[in-house]
Amino acid sequence: MLFRPVAGMLADTIGRKKVALAGTLLYALAYAGYVFVQSFPQLLVLRAVQGIASGTSSTAFSTIITDVVPHEHVTEGLALSNVAGAVTMSLGPAMGLWISGFFGERRLFLFGVLMAVIALLFFPALRYREPVRERSSGARSFSPGSLLEQSALLPMFMYFLLMID
């Protein structure tokens, strides 16, 4: 989640599809790595990699959705995407318990690899043209302030307040 602002800047700079692909690959690598974890520090490192993968892919796919859905239906497109995310977060823990209980914990992580590989197989079918961006006169510099769109701060704060519970 903390990586999302950086992922957004990367998506605007190098392209949304490339960032989505990188995030999906990171997911596959993290899940594959879980199969071989031998220590708690290794688990923490892989969890961080998975967090970067999550922030990267969710940001890139959200921006792709806003680019491909007609402007007058963007809210509906994002709402449907958020429903899909909520469904996976609701069903995921129960599915994980079932898979690990029935097949074992290591195979649970292989299931995650399988899901990431299936997602990767869909990339060639993703007919997406990056939006044309105006080139700025100077190179885009990185700073914490460059990651935050000032007009988004109030709605972000309001959403944060609602999600605290």
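**Exercise 1. Find the salt bridges and state how they connect.**

A search of the whole structure finds 2 salt bridges (a side-chain nitrogen of Lys or Arg within 4 Å of a carboxyl oxygen of Asp or Glu). The model is predicted: local features need pLDDT of at least 70, side-chain atom pairs count only at pLDDT 80 or more, and totals for chains, interfaces and linings use all residues. Residues are numbered from 1 along each chain as its sequence is written, and side-chain values use heavy atoms, leaving out hydrogens and water.

Step 1. Arginine 16 meets aspartate 12 at 3.0 Å, N to O.

Step 2. Arginine 16 also meets aspartate 67, at 2.5 Å, N to O. This pair links distant parts of the chain: aspartate 67 lies in helix α3 (residues 40–68) and arginine 16 in helix α2, 51 residues apart. Helices are DSSP runs (H or I, at least four residues), numbered from the N terminus.

Step 3. Shared partners join Asp12, Arg16 and Asp67 into one network.

Step 4. Check the cover. Arginine 16 is buried, at 9% relative accessible area. Aspartate 12 is partly exposed at 31%. Buried means under 20%, exposed over 50%, partly exposed in between (1.4 Å probe, protein chains only).

Note on methods:
Helix = DSSP H or I, 4+ residues; strand = E, 2+ residues; numbered from the N terminus.
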